[in-house]
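Please read them with the structure open.

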Amino acid sequence: MRPFAALTRAMIAARARRIGRREAEALLSRASGGPDRAQLVHLLDLAARPALREELAGREAAVAAFVRARSEVTAAPPRRRMRAWLSRALVVKAVAGLTVLLVGGVAVAAGTGQLPAGVQHGAHDLLNPLGVPVPDADSSAPAHPASPRPRTTPSPKNSAPGADPALPALCQVWEAGQKHARGKDLDPALVARLAAAAGGTDQIAAFCTAVLAPPAATPTPEAPATPEPTDKHPRPDHSKPRPSHTPHRLTA
Amino acid sequence: MEDADLAAALTAARGGDEAGFEALWVAFQPAVLRYLRVVVGDAADDVASETWLQAARDLASFDGDLTRFRVWLFRIARHRGIDDRRRMRRRAEDPFDPGVPEDGPTSPDSATVAMDGLGTRWALEIIRTLPRDQAEAVMLRVVAGLDVAQTAQVLGKRAGAVRIAAMRGLRRLANHPDVLARAAGYQPERVRPAQSEGV
């Protein structure tokens, strides 16, 4: 049979009988195909053939992607991440609340001067610069008249260098801290103390420059004019031994 | 692979087992790929990879048997295909460009056709000329092996609409000139019957 004749016959046959619902269902479920549907069955057979090798080429890549995806999913499932975030937020809030309570309580107790001596002194050092009037541990101590006075008149030129014998050492620490980590590692109490002496945090740099400048090199009339009774003589040359003052000044 | 084995593979894969996932992939990848070849053409390989990636991510939260898994998987494939067509449209290219297989003539001699994948490619290209709803209905019924209700679930249509679309698709295919021309030289030596996607 010549191909052309077969083609014509097939077309005529196909046109002659349309596929109905039942026949369509039989063809689609691959249950049967009448002999006059051989062409269509052949097409569907080709479309539904068993797997070809080329189609399974990506097998290893697919499994690798599965392993990767699963490890991502199990490493951080969204629900657990949310729970961690929630609990972290709660911890932060709880700590903040406790801190407020504790500091507030200490501040109140300190305001009445009823804390143990060491704590009272710490509270005094911490809270006074913040504008909270807290009596020092020992109000009759000699440090008392020396320290608060110059703080009320924070002019670095005359009052500050003599106000607090620990200031040069504190300034040294402060300047070292500035060079090291831009002051981030500095003890806040130290900064507060310097700020109080200098008249503000932004004044500390100039203040400390003045404090650490050797007055011997510049014998200005201000240096002897400083009315501080505590120290005048050892300052110019003994910039090194001075840190020996700091421990007891800071911790006493 | 038998359905019972595949069901076990599905359970294992849901628990994170690679071998289980591999068995599912081998069983369903050919059908997914062919369905996508009809829907997105040359992008089928990429879209199939995206489909399996999403399946891998979401498998842990999938809850159902093998039948539902088939529907679930082809729904993913369909949505990834829709995304791809949207991308193509945004690139102002013609998404319906049928494209010609690079490594063979469009209508190869039927004697060589059964030897490799060309026959399958040819069949898919013919089915691809159908209107999309008909092409999808035929592919999901014949190649994915879904019944009317499952096909309706994948396509988000009513069962009646799926039946009509598939029947119209078959009518068109039966009258397609290439199908008839090929039938002229077709000897009933028959390709192996391919009911399911067994390897």
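**Notes on the interface and the aromatic pairs**

1. Between chain A and chain B there are four salt bridges. One of them joins A:Arg59 to B:Glu22, with the closest N and O atoms 2.7 Å apart. Please keep in mind that this is a predicted model.

2. Ten residue pairs are in polar contact across the interface of chain A and chain B, both residues being at pLDDT 80 or more. On the side of chain A that touches chain B, at least two residues come from each of α1 (3–16), α2 (21–28), α3 (38–47) and α4. By class, that side of chain A has 29 nonpolar, five polar and 13 charged residues.

3. Chain A brings 47 residues to the contact and chain B brings 58 residues. The area buried between the two chains is about 4,800 Å², and carbon and sulfur atoms give 67% of it.

4. Over all chains, the structure holds seven aromatic pairs. A:Phe66 and B:Phe21 are stacked, because their ring centres are 4.1 Å apart and their planes are at 10°. This pair joins two chains, since A:Phe66 lies in helix α4 (residues 59–75) of chain A and B:Phe21 in helix α2 (residues 18–40) of chain B. Both A:Phe66 and B:Phe21 are buried.

5. B:Phe28 and B:Phe69 make a tilted aromatic pair, 5.7 Å centre to centre with 55° between the planes. The pair links distant parts of the chain, with B:Phe28 in helix α2 and B:Phe69 in helix α4 (residues 66–90) of chain B, 41 residues apart. Both B:Phe28 and B:Phe69 are buried. Together with B:Phe62 and B:Trp72, B:Phe28 and B:Phe69 form one aromatic cluster.

Note on methods: Residues are numbered from 1 along each chain as its sequence is written. Chains are lettered from A and ligands numbered from 1 in the order in which they are written. This is a predicted model: local features need pLDDT of at least 70, side-chain atom pairs count only at pLDDT 80 or more; totals for chains, interfaces and linings use all residues. Side-chain values use heavy atoms; hydrogens and water are left out. Rings of Phe, Tyr and Trp (its six-membered ring) pair if their centres lie within 6.5 Å; planes under 30 degrees apart count as stacked, over 60 as edge-to-face and the rest as tilted. Helices (H or I, at least four residues) and strands (E, at least two) are DSSP runs, numbered from the N terminus. Buried means under 20% relative accessible area, exposed over 50%, partly exposed in between (1.4 Å probe, protein chains only). Contact means heavy atoms within 4.5 Å. Buried area is the accessible area (1.4 Å probe) that two parts lose on being put together, summed over both. A salt bridge is a side-chain nitrogen of Lys or Arg within 4 Å of a carboxyl oxygen of Asp or Glu. A polar contact is a pair of N or O atoms within 3.5 Å; within protein, one must be able to donate a hydrogen and the other to accept it, and residues adjacent in sequence count only if both atoms are side-chain atoms. Ala, Val, Leu, Ile, Met, Phe, Trp, Tyr, Cys and Pro count as nonpolar, Asp, Glu, Lys and Arg as charged, and the others, Gly among them, as polar.
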